[in-house]
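Please look through the sequence and the model below. A short report follows, one topic at a time.

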Amino acid sequence: MATDTAAQLGSETSAGDRARARKRAPGEPRNVAWLYILPGLLFYGLFTLAPLAHTVELSFFDWDGLTVGHYIGLGNYREALDDPLVRDSFRHSAELIVFYALLPVALGLLLTAILTRHPVRGFTFFRTALFLPQMIAGVVVAQAWVWIYADNGPLNEFLRDVGLGSLARPWLGDFSWALPAVGGIGTWVTYGLCMVLFIAGAQSIPASLYDAARVDGAGAVREFFAVTLPALRNQVVVAFVLTTINALRSFDVIYNATSGGPGTTTYVPSFYMYRNAFVFNRVGYAAAIAVILTAAIFTLAGIVLYVSSRGDEG
Amino acid sequence: MTATRVERAVTYTVLTLFAIGAIYPVLSILFLALHTKSDLVTGFAWPTDPSMSSFRAAWTEGDFGTGLKSSFIVAAVVTVVSAVLSLGTGYAFGTMRFRGDRWLFGVFLLGIIFPYEATVIPLYYDFQDFGILNTYWSLILPQIGQSVAFGTFWMRAFFRSTPPALVEAARMDGASSFGVLVRVLLPQARPALLTLCALVFTYTWNEFLLALVLVSGSPSKQTAPLGLSFFAGAVRAGDPTKVAAASVLVAAPIVIVYIFLQRHFIRGMLAGAVKG
């Protein structure tokens, strides 16, 4: 767009002006840009990129954080592949993706399907409420849900009140229920985001598309698959990327709600990395887990984006 | 075809249910906080006789005055500095072309999906070597780095949306690139900047892992979420109402700002998300 403007300008002015205009035109390479980028790049490079590179470097060492480290090549990675706790951590993350990503996206789409039949008045209020969980610090979220899941907390009281008292249990202390309970926290945090994302997207779908579908005799279900879902593809992709990354990170809630327990049933990679680095003093090993986690996140984000961009061409 | 009454009723019922679901856990901890330990709270815990004593106890025992102050200092510095830096990077990427610009912008984009968990280990050891472990700097510097990635992306989108003719006209009048930025574009950038500041402040305020790793050793530098985590670990078994009160103290500043600026928050998170 910028080059168009420069070309227009050039055709309307004299030769001398043209040369000057072109020299200053935004379409030309401008070294002054570096002046504006360098300060930001410096912080980003020094405190984000450089530490990441340093993590990769550390992952090739056997180091306790105090004495001199030993270069052991891929030793940490080999150990990680054989470590049952690493495998469990990633398996737990995969299970959390169901709760953090799949469930909220499915819920969001279902609601959007119901809601797009007509405009929603007072959406601002609902939007504000639905988005609230996104604003709350993970530590606070953990405290709130520790109470909700507590032995005498609201969830168990509710179950007892409706005659399902036999299901009541201390959810976060239960070996088979702790992980799904943590997942429930993730669903709570992300479903509003998905809903608002999809509903906002759906409200901007031209009404003529729906009219056309209805003239063709499409019911609610076909209307959803023929009109709403295709129009929301970008939003769905974004929601998947965001929520999947959240599921793989999820350190704050785990650390504060379960500390990985009971036993190791809610260990996730970031938590196990933290334990290795700052509790067991296995710094190199922790770095290797961090690298594997980063690679997993980039790979998953890459896959989602690749699949969605291929859909664009088709 | 207009929606039937039944459809409308279903819509609002469903929306209301999900809105309550989003709010309830937050309210439940507020209700719990308005009790005292001797109430032996169970279940929904509607506070029939609200009491502030848990808040008072949490405030003094958990030293949350210090925690909130630390959080505020760190979040304010990170917000202001990253806003200024992002204004620069966004301006360059949004209005200028230079060698390697696409490649470099891609590097910044990486910082948005990037798990910063992978950087805390070297940050801890490097900051130890620099002697800034357990200082505000150890929290401020890395969070500026992380925020600049999103800020660059966000401000670039804003600068690309400004009419190029505006910039052209100012340039023809002989304005320097800095003059164009400050006199022509900055006045229009205020809403975009406000959104960016609201988001960066919130993310920084809520941050936990960096605080846990980098300032655990110094009680006077601990942020409010870190203080809450320690306080909960020490007190929860004895008196959950105090932990609830402390949680409310930590969340309240952000929730209050959110209620006033909700449009900015939501716009930032949605637009940032979709364009990403």
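## Helix α8 of chain A

Helix α8 of chain A spans residues 154-161. Its buried residues are A:P154, A:N156, A:E157 and A:L159. What covers them? The cover includes α7 of chain A and also α1 of chain B. After α8(A) comes A:G163. The phi angle of A:G163 is positive, near 80°.

This is a predicted model. Every value in this report is to be read with that in mind.

## How confident is the prediction?

Chain A has an average pLDDT of 85. A score of at least 70 is reached by 88% of its residues. Residues 1-24 of chain A are another matter: there pLDDT stays under 50. For this stretch the model has 16 contacts beyond four places in sequence. Low pLDDT means that predicted coordinates should not be read in detail.

## Chain A in outline

Chain A is built with 15 helices and two strands. It has 314 residues, and 53% of them are buried. Now take the contacts in chain A with a separation of 6 or more. Of these, 68% join residues 24 or more positions apart.

## The nonpolar cores

How many residues does the largest nonpolar core have? It has 179. The residues with the most contacts inside this core are A:F131 and A:F198 in chain A, and B:I121, B:M155 and B:L214 in chain B. Nonpolar side chains tend to be buried together in soluble globular proteins.

Which residues does A:F198 touch, beyond its neighbours within four places in sequence? Its contacts are A:V105, A:G108, A:L109, A:T112, A:L232, A:Q235, A:V236 and A:A239.

Helix α9 of chain A covers residues 178-203, and helix α12 of chain A covers residues 233-249. Their axes come within 10 Å and cross at roughly 165°. Because of that angle, α9(A) is roughly antiparallel to α12(A). The crossing is right-handed.

Which residues make the contact?

A:V139 sits in helix α7 of chain A, which runs over residues 138-148. Is A:V139 buried or exposed? Its relative accessibility is 0%, so it counts as buried. Setting aside neighbours within four places in sequence, A:V139 contacts A:D252 and A:N256 in chain A. It also contacts B:F208, B:P225, B:L228 and B:S229 in chain B.

A:V139 and A:F251 are 112 residues apart in sequence. In space, their C-alpha atoms are 9.7 Å apart.

## Buried loop residues in chain B

B:T223 belongs to the loop between α9 (209-214) and α10 (224-235) of chain B. Its relative accessible area is 6%, so B:T223 is buried. Leaving out residues up to four places away in sequence, B:T223 touches B:G67, B:S70, B:S71, B:L139, B:E207 and B:A211.

B:S51 is in the loop between α1 (5-33) and α2 (53-61) of chain B. Its relative accessible area is 19%, and buried means under 20%, so B:S51 is buried. Beyond its neighbours within four places in sequence, B:S51 contacts B:A33, B:L34 and B:T36. B:S51 and B:H35 are 16 residues apart along the chain, and their C-alpha atoms are separated by 5.8 Å.

## Backbone details in the loops

A:G261 and A:P262 are joined by a cis peptide bond, with omega about 0°. A:P262 is in the loop between α13 (251-257) and α14 (269-278) of chain A.

A:S250 is not a glycine, yet its phi is positive, near 35°. It lies in the loop between α12 and α13 of chain A. With 10% relative accessibility, A:S250 counts as buried.

B:N134, also a residue other than glycine, has a positive phi near 65°. Its place is the loop between α5 (120-130) and α6 (136-161) of chain B. B:N134 has 24% relative accessibility, so it counts as partly exposed.

Key:
Residues numbered from 1 in each chain as written. Chains lettered and ligands numbered in written order. Heavy atoms only, no water. pLDDT = per-residue confidence, 0-100. Contact = heavy atoms within 4.5 Å. Core = buried A, V, L, I, M, F, W, Y, C linked by side-chain atoms within 4.5 Å. Buried < 20%, exposed > 50% of the residue type's maximum accessible area, 1.4 Å probe, protein only. Axes fitted to C-alpha atoms, helices over the stretch in contact; angles between N-to-C directions. Helix = DSSP H or I, 4+ residues; strand = E, 2+ residues; numbered from the N terminus. Parallel < 35°, antiparallel > 145°, perpendicular 65-115°, else oblique. Left-handed = near helix turned anticlockwise from the far one by under 90°.
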